[in-house]
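Here is a friendly tour of one model, written to be read with the viewer open. Have a look around first, and then we can go through the packing together.

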Amino acid sequence: MSAALEAGLWGLLAGGALVVGALVAWFVRVPRAVVAVVMAFGAGVLVSALSFDLVDEAERTGGLLPTVLGFLGGALAYFLANVALGRLGARHRKRSHGRQPSESEQPGSGAAIAVGALLDGVPESVVLGLSLLGGQGVGVPVLAAIVISNLPEGLSSAAGMKSAGRSARYVFGVWVGIAVASGLAGLVGVLLLQGASPEAVAAITAVAAGAILTMVADTMIPEAFERTHMVTGLVTTLGFATAFVVGRL
């Protein structure tokens, strides 16, 4: 199997976790506190993967300057896109109850939420694909981190969509579409960067890592803290430690 096709399949699998979370939210009434705890855990897992499997690896293979510039550039790009989408109604796209606007309250918010969810998911799939370029297979800690974090993301966001009165067609259309887009992002990322210099791969990895960290701070941790408050830090630390141990094993 080619690296590009494998990257596409791993991206599709990781994006599929969002669909699973959405299915749970649609058919099961999950307590908000449980969603928040899992969201905090997933945030810690992602931060650990960013620290040890993305940014550190990018610096070792491509050098400090491309890594730092890419990391900051990715954070800035995500921030600007998120601000624009927030003004269109996607600010609370990961909130599980009562914060997402309905289409009647803010026309166009449905499309903005869908684009925002895509903005959150694509960088994760890109780094999955890039982890295959070294020829050693997919980065298991990164894959585990993305899957673990995608489940509560899909659950919380889909619950918020349902609470705002959005239809099942819209909810599952969004998440299935993002799963497919995640697969395509992984595939295209490998196709474009096969044979690229280590500095270029490091910079793109760092761009995605910066976007992911900004997403965690802007959307995942606020949703978790809103319900768990003082427990958020402890659960996030537990997620970080778990991912760190998995990566070392």
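At what angle do helix α1 and helix α5 pack, and how far apart are their axes?

## Ground rules

This is a predicted model, in which local features need pLDDT of at least 70 and side-chain atom pairs count only at pLDDT 80 or more, while totals for chains, interfaces and linings use all residues. Residues are numbered from 1 along each chain as its sequence is written, and side-chain values use heavy atoms, leaving out hydrogens and water.

## Helices α1 and α5

Two packed helices are described by the angle between their axes and the distance between the axes. Helix α1 (residues 3-27) and helix α5 (residues 140-163) have their axes 7 Å apart, at an angle of about 35°. Helices here are DSSP runs (H or I, at least four residues), numbered from the N terminus. Axes are lines fitted to C-alpha atoms over the stretch in contact, and angles run from 0 to 180 degrees between N-to-C directions. The crossing of α1 and α5 is right-handed, that is, the near helix is turned clockwise from the far one by less than a right angle.

On the α1 side, the contact (heavy atoms within 4.5 Å) includes Trp10, Ala14, Leu18 and Trp26. On the α5 side, Leu143, Ile146, Leu155 and Lys162 are among the residues taking part. By class, the contact of α1 with α5 has 16 nonpolar, four polar and two charged residues. In this scheme Ala, Val, Leu, Ile, Met, Phe, Trp, Tyr, Cys and Pro count as nonpolar, Asp, Glu, Lys and Arg as charged, and the others, Gly among them, as polar.

## Nonpolar cores

A nonpolar core is a set of buried Ala, Val, Leu, Ile, Met, Phe, Trp, Tyr and Cys residues joined through side-chain atoms within 4.5 Å. Buried means under 20% relative accessible area, exposed over 50%, and partly exposed in between (1.4 Å probe, protein chains only). The largest nonpolar core has 26 residues, and those with the most contacts inside it include Leu46, Val127, Ile146 and Met220. Two or more residues each come from α2 (32-62), α4 (109-130), α5, α7 (198-228) and α8 (231-248).

Isoleucine 146 is in contact with Ala14, Leu46, Glu124, Val127 and Leu128, leaving aside neighbours within four places in sequence.

Serine 149 lies in helix α5 and is buried, with a relative accessible area of 0%. Not counting residues up to four places away in sequence, serine 149 touches Gly42, Leu46, Glu124 and Met220.

Serine 125 is found in helix α4 and counts as buried at 2% relative accessibility. With the sequence neighbours up to four places away again set aside, serine 125 touches Gly11, Ser182, Ala185 and Gly186.

## Aromatic rings

Which residues do ring pairs link into a cluster? They are Phe52, Phe240 and Phe244. Rings of Phe, Tyr and Trp (its six-membered ring) pair if their centres lie within 6.5 Å; planes under 30 degrees apart count as stacked, over 60 as edge-to-face and the rest as tilted. The structure holds three aromatic pairs. Phenylalanine 52 and phenylalanine 240 form an edge-to-face pair, 5.7 Å centre to centre with 65° between the planes. Because phenylalanine 52 lies in helix α2 and phenylalanine 240 in helix α8, this pair ties together parts that are 188 residues apart in sequence.
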